[in-house]
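Welcome! Please take a look at the model below, and then we can walk through some of its strand pairings and charged contacts together.

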Amino acid sequence: MTVYGATNSVPERVDVLVVGAGQAGLSAAYHLRRRGFAPHRAGVDGGFVVLDANAAPGGAWAHRSPSLRMATVHGVHDLPDAELPPPDPDAPAREVVPEYFAAYEARHTLPVVRPVAVNAVRAESERPDSRLLVETDRGTWSTRALINATGTWTRPFLPYYPGRFAGRQLHYADYRGPEEFAGRRVLVVGGGASAVQVLSEVAAVGETVWVTRSEPVYHDGPFTPEYGRAVVAKVEERVRQGLPVRSVVSVTGLGPSVAYRRAEELGALHRRPMFDRLTEHGVAWGDEELAVDAIVWATGFRPEVGHLAPLGLRSPGGGIALTGTRATADPRVHLVGYGPSASTVGANRAGRAAVNDLVGLLGDPAARIPTPGIPTPGDPGTSDPGVNGSRSGDSGVGAPNAGVPDAGVPAMVPAMVPAAV
């Protein structure tokens with residue numbers, strides 16, 4: 001799509017600007033259209049636009065390992081008003097989900113502009129009702145409100161340990177499958193679903209050693225809606241208090257997934273405690289040293305929110321306090337896919353909640369602007385689809401990436417893949 005604001009001397013003016021076109025960003029865009037916000041047109045004041053840093057649709061999913069198949073993803077929830085067609089279980093998730101997202105953007109004629117990297121968001125003036133200036137690598141935009149949906153994938157978390165390892169080290173974000181580790185001993189660090197995926201694949205071609213800082217958390221029962229709500233509530237409370245976020249996935253525990261069962265069959269789930277230090281040839285616990293060929297850090301991600309720093313949203317606790325999806329310190333800014341909404345189903349709900357809140361702040365555009373092709377509340381024969389069914393066993397808590405360091409590893413600064421997303 002044409003980059004409306006490319007190298008512009010006068011900022012394009014919109015009512016709402018969405019940053020990120022992953023699950024959360026697309027959900028927000030859908031609900032903006034549904035509530036009557038029109039796609040922005042170049043040179044015309046108003047409407048909404050979605051800026052995406054990626055060159056093509058797919059968000060974080062497009063950057064996942066080719067070895068991650070639809071049968072082994074943690075969960076993919078349908079976007080609003082568009083069921084994900086039943087995929088081939090052996091199809092790569094990095095192909096299936098981006099194709100689904102691309103079709104969704106086209107079906108709902110969402111104004112996604114890419115590739116555009118957002119560098120900073122700042123207030124136009126000190127007035128609390130002033131517009132926000134969104135500075136990008138393709139020019140500046142001016143908006144009345146902003147929905148941030150940048151996820152976490154672009155901020156992989158690597159904990160610090162003393163020492164130096166001379167072998168191959170990589171974060172899960174750079175993992176591309178087990179082939180390069182055939183016949184080698186690989187240390188996998190982290191207690192979450194990403195670590196289990198790596199163990200389930202690498203243990204089939206080489207030797208694995210699994211280490212976590214604390215005992216992994218297992219969840220033997222079904223991931224029911226009630227369990228999902230309880231999990232979200234735990235994460236939501238931290239965000240409400242302005243504490244560094246924990247992802248939804250980090251508190252669900254490890255469940256009986258396809259990857260988990262495969263790793264168990266391969267005998268790869270014998271966990272060791274975290275090592276003390278790195279050595280030239282491996283890692284060490286006190287006087288015991290273990291030589292390894294490679295280390296995969298499946299240690300999670302942090303939220304990609306650095307571009308919001310000029311707004312001063314961080315609380316004394318270190319995180320961005322939210323009331324619902326709204327930044328407590330600035331009602332013009334909403335964060336979706338952050339904290340309690342860092343899952344595919346949570347992102348859907350957050351997108352709708354953010355838009356509903358912004359209608360209250362900006363006024364209801366549906367009363368003024370008809371939006372062809374998108375039903376509005378109250379239309380005969382229509383209903384709000386809300387959120388639909390899930391795929392791959394997701395019960396409302398699945399996500400393409402854990403937004404904080406995986407359970408069982410230390411977090412220097414806390415942090416559902418590219419964020420975005």
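Which residue in β18 is the bridge partner of Ile147? The partner is His334. Keep in mind throughout that this is a predicted model.

## Strand β18 and its partners

Strand β7 (residues 139-148) runs parallel to β18 and is joined to it by 3 bridges.

Strand β17 (residues 326-327) also pairs with β18, here in an antiparallel arrangement with 2 bridges. Within that pairing, Ala327 stands opposite Asp330.

## Salt bridges across the chain

Turning to charged side chains, a search of the whole structure finds 15 salt bridges. One of them is formed by Asp364 and Arg35, whose closest N and O atoms are 4.0 Å apart. Asp364 sits in the loop between α7 (344-362) and β19 (390-391), while Arg35 sits in the loop between α1 (23-34) and β2 (48-51), so this contact ties together parts that are 329 residues apart in sequence. Arg35 is buried because its relative accessible area, 18%, is under the 20% cut-off. Asp364, at 32% relative accessibility, counts as partly exposed.

Another salt bridge joins Arg271 and Glu215, with 3.2 Å between the closest N and O atoms. This pair links distant parts of the chain, 56 residues apart: Arg271 belongs to strand β11 (residues 271-273), and Glu215 to the loop between β10 (207-212) and α4 (225-240). Arg271 is partly exposed at 21% relative accessibility, whereas Glu215 is exposed at 56%.

## Around helix α2

Asp81 and Arg107 also meet through their side chains, in a salt bridge with an N to O distance of 3.8 Å. Arg107 is in helix α2 (93-107) and Asp81 is in the loop between β3 (76-77) and that helix, so the pair ties together parts that are 26 residues apart in sequence.

Is Arg107 buried or exposed? With 54% relative accessibility, Arg107 counts as exposed. Asp81 has a relative accessibility of 28% and counts as partly exposed.

## A linked network

Finally, here is a group to pick out in your viewer. Asp52, Glu105 and Arg114 are linked in a network of salt bridges.

Methods. Residues numbered from 1 in each chain as written. Predicted model: local features only at pLDDT ≥ 70, side-chain atom pairs only at ≥ 80, totals over all residues. Heavy atoms only, no water. Helix = DSSP H or I, 4+ residues; strand = E, 2+ residues; numbered from the N terminus. Buried < 20%, exposed > 50% of the residue type's maximum accessible area, 1.4 Å probe, protein only. Pairing = 2+ DSSP bridges.
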